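Let's take a walk through this one together, going from strand pairing to helix packing and the core. Have the structure open while you read.

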Number of protein chains: 2
Amino acid sequence: MARKDKPRRTRAETPKGFRDYFGAEVVERKAMLDAIAEVYHLYGFDALESSAVETVEALGKFLPDVDRPNEGVFAWQEDADWLALRYDLTAPLARVYAQHRNDLPTPYRRYAMGPVWRNEKPGPGRFRQFYQCDADTVGTASVAADAEICMMLADTLEAVGIARSDYAIRVNNRKVLNGVMEVVGLLDPSNPHASLLERGIVLRAIDKLDRLGEAGVRALLGEGRVDESGDVAKGAGLSEGQIDIITAFLGSAKNARLLLSEGVTLAEREKGAERREKIDAAASGWNELICNELKSIVGDSTQGQEGVQELEKIAELVAIGGYNQNQITIDPSVVRGLGYYTGPVFEAELTFEITDEKGRPQRFGSVAGGGRYDDLVTRFTGQAVPATGVSIGVDRLLAALRAKGRLGDAAAGPVIVTVMDRDRMAEYQRICATLRQAGIRAEVYLGNPKNFGNQLKYADRRGSPAAIIQGSDEAARGVVQVKDLVLGTRLSQDATVEEWKENPSQSEVPLDELVTHLSRLLK
Amino acid sequence: MARKDKPRRTRAETPKGFRDYFGAEVVERKAMLDAIAEVYHLYGFDALESSAVETVEALGKFLPDVDRPNEGVFAWQEDADWLALRYDLTAPLARVYAQHRNDLPTPYRRYAMGPVWRNEKPGPGRFRQFYQCDADTVGTASVAADAEICMMLADTLEAVGIARSDYAIRVNNRKVLNGVMEVVGLLDPSNPHASLLERGIVLRAIDKLDRLGEAGVRALLGEGRVDESGDVAKGAGLSEGQIDIITAFLGSAKNARLLLSEGVTLAEREKGAERREKIDAAASGWNELICNELKSIVGDSTQGQEGVQELEKIAELVAIGGYNQNQITIDPSVVRGLGYYTGPVFEAELTFEITDEKGRPQRFGSVAGGGRYDDLVTRFTGQAVPATGVSIGVDRLLAALRAKGRLGDAAAGPVIVTVMDRDRMAEYQRICATLRQAGIRAEVYLGNPKNFGNQLKYADRRGSPAAIIQGSDEAARGVVQVKDLVLGTRLSQDATVEEWKENPSQSEVPLDELVTHLSRLLK
């Protein structure tokens, strides 16, 4: 036993940027992840739980000549190695696949869910530990794998409770973007990996179309732009001719979207049984329309044409799979920031509106994204292995379900069996056991029973639907009092005297009818 | 984009002592944890997911004057603080309770499950990241809370698939052990916290009764003991008189157990409908018997008598709750290593036998343990808060379920729709979608389809129950071939030619009967 010095008070705090999750928060997230895992499993994906700790070398973000690894991960030294907490689920997948590739099937479909850690500056709603939920197919170049991920993503969103009309999975292809770059002279097909600062600026500008509008994007493509706060964003310095081509590329999407939405709006004015069919028919022009536009814009860029063909194939596969073009839609403005994407990229957007902090209506926005990346395991094995996958933003999707009121009653507390008579604890336990055997969540009050008011306060704090009361008088008559706490709360807020009389929130129930009574009450 | 140097091959390895979990391993553990969580929830316990990272100060195992924290945890420095991965779920509970106590109900029943990390030397089957699964009740001194945990533990073991006859929850009380220490003069009730080296040696010796037998324990209580390998274990140096008292204490349990098992054995020879009742009646003598023995051994130690009374109360509560005394049983030899227990302690033992590595039958042993500890949050708040809880050894319980064949078919692979004709990919996807809509796990083969043998090898590697084959001929006739891979494997191992003919492992099925056919086959 350690020597006891005068104890110093310890601070009871999570480290900065970390937090705890209580009760319903845990249960709701778990229910959502369970629903997602079920869809992934149904699609033939296998679970993988890799270790949370990796060598910094395997994570591969850091330079070997720096003594302490860069910021961004939580890392520590052990003997000669640096270890770190994983910062996502893709880097570990690469390591696992390289390590176990001889034992894994090809292709390898895997899903993974769990916490990841980022050593970043925390901010409001931005934590240094958070959940990711990924599905990837490693070892096949087939565009059918990309299409499958898109369809699975649609099924997943619906499985967790997002209505079909409330989301769109927007699909683009990095090869098409590269084709446009070739056309404007920012990419040399004979030396595609040559790094060009301008290309990054252009991709980021395209990504901002929704926010900045055409004029803002044009400014970023040209001389740069000063935003409202006075900050200067450096431009790509393109010529007017180059900018026109990119604007046409973006405009084509915009035009196609307008044409489409006009068609859909007309169809929506229809009445009767065929209304839905007409809307769908109007919408179904989109993917073909936009692919034709893109074909003409990428001109004779081989990569660009290949990219459009892949999009057409995806469009065909998802259409035959029964997904309409509002659910899965080709959209040239999708970029996805990460440098490593090499083919199709996709993003799931929730299309319903919420009000932002200033009370303005806003689209909910992106909850998942992914794409094809072919260089993942190269640095382990020396070989390129094609892969494609998606990552769901667990916290944002949870927030969306909360906003749509789709989170059920995970917060429902247990029925509380109160303690009127400390000597009859065993009897109270027995009542509880009976309730549990019937699947009713229940507990005996185990605090100090002297003050009965405290017991009801406790039930209130737990969000209990009902409290059971049995004194010696009730026990002698084989009955209990059942206090309906939900009704009680409602009545105490806005009931008239008549309602109080007609809906007594407390009733006497024979012990052998308690389960039946509570089952009815809990509905 | 980073400058590309000639790539150096990166080692694809988990850090030493860490591992990955694949497919069925993940799903089986999850199913078990889900079943446990359901019982915990039913008992009114609320989920808590605390952050994996804590300040070393909050974990509280380390000395402030050492620059780098002791071994045992994975820790790193951030600004002035040391951060570390949690090494269990109890230390974080203390921090959470101290931090949030004004917002939490009293008592606070919480469960938690998740990985913990120990910076210890890894060994065979011993990893540095593993799961724990805890339930604790904080803020009540009532022994009803301890009894509740024991009953919940029994329900939990049965919920995950351990038969009632295959486990025993053994309950003791630290106060009884302290009472024995008082009687032999190793504990001064007026100065109970005075540290005595001998007490630790005695507790450890008692804990080893099963393994060393009475003679071995006596040696440890006296002069010490040399084991088979020649290692010397220091003894407590007690007198013969002191040793006799402790031996009597242990012997009382042994005697009571013998008496009991004789009674039960006799009852087991009975036939007919009352056999079970008679066995239970024989077993029900135990708790009373052993409590009487203990009362006489702790003599006039106030703490000892209090401990026995608590055990009697637990025995009464669990008996009224309908648990028999084979399920929850008072056992004076239970010690539980951790220094911080202050009252009832319990341990769940699986009583069935497995064969050890040398082929000898052995009891499976302990899969869960816990007890009452009252000083948990003192160093945060300055106040003692009574608490009691249990921790389930997730990996051992999983191993037990595996040994008992209770792990279901989590490993079942998906139905594989093979690709005979690459141009008809969309049609194969559609077949898959139909199967999934019927809840059948299915996928299209997405590897290179050229070599059909590879597709069947892939199905084999995935553990697929069936493969679907459709060439253009079958497509024209609206049928598919269904290859029953389970039957096929069995036939290829031991079938006669006649059996092959009678049980064709491949059959032609009309497309619109495929779901029905497969549903039957999967049963």
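Phe22(A) has Leu48(B) as its bridge partner in S2(B). That pair belongs to a link between the chains: strand S1 (residues 21-22) of chain A and strand S2 (residues 46-49) of chain B run antiparallel and are joined by two bridges. Strands pair here if DSSP finds at least two bridges between them, and the elements are DSSP runs numbered from the N terminus, helices being H or I of at least four residues and strands E of at least two.

A word on the ground rules: this is a predicted model, where local features need pLDDT of at least 70, side-chain atom pairs count only at pLDDT 80 or more, and totals for chains, interfaces and linings use all residues. Residues are numbered from 1 along each chain as its sequence is written, while chains are lettered from A and ligands numbered from 1 in the order in which they are written.

Zooming out to the whole interface, 81 residues of chain A are in contact with 81 residues of chain B, contact meaning C-beta atoms, placed from the backbone, within 7 Å. On the chain A side, helix H14 (residues 425-437) gives the largest share, six residues.

Chain B has its own H14, also residues 425-437, and this helix lies across S15, S16 and strand S17 (466-469), running at about 170° to S16(B). (Axes are lines fitted to C-alpha atoms, for helices over the stretch in contact, and angles run from 0 to 180 degrees between N-to-C directions.) The strands under discussion sit in an open, mixed sheet of five, ordered S16-S15-S17-S18-S19 in chain B. Strand S16 (442-444) and strand S19 (506-510) of chain B are at the edges with a single partner strand each, so one side of each has no neighbour in the sheet. From one strand to the next, the twist averages 25°. S15 (residues 415-417) of chain B pairs with S16(B) in the parallel sense over three bridges, and Ile416(B) stands opposite Glu443(B) there.

Finally, the core. A nonpolar core is a set of buried Ala, Val, Leu, Ile, Met, Phe, Trp, Tyr and Cys residues joined through C-beta atoms within 7 Å; buried means 20 or more other C-beta atoms within 10 Å of the residue's own, against 12 or fewer for exposed and partly exposed in between. The largest one has 280 residues, of which Cys150(A), Leu153(A), Cys150(B) and Leu153(B) touch the most other members. Leaving out residues up to four places away in sequence, Cys150(A) touches Ile169(A), Val171(A), Ile314(A), Val318(A), Ile328(A) and Phe346(A).

Technical notes
Contact = placed C-beta atoms within 7 Å.
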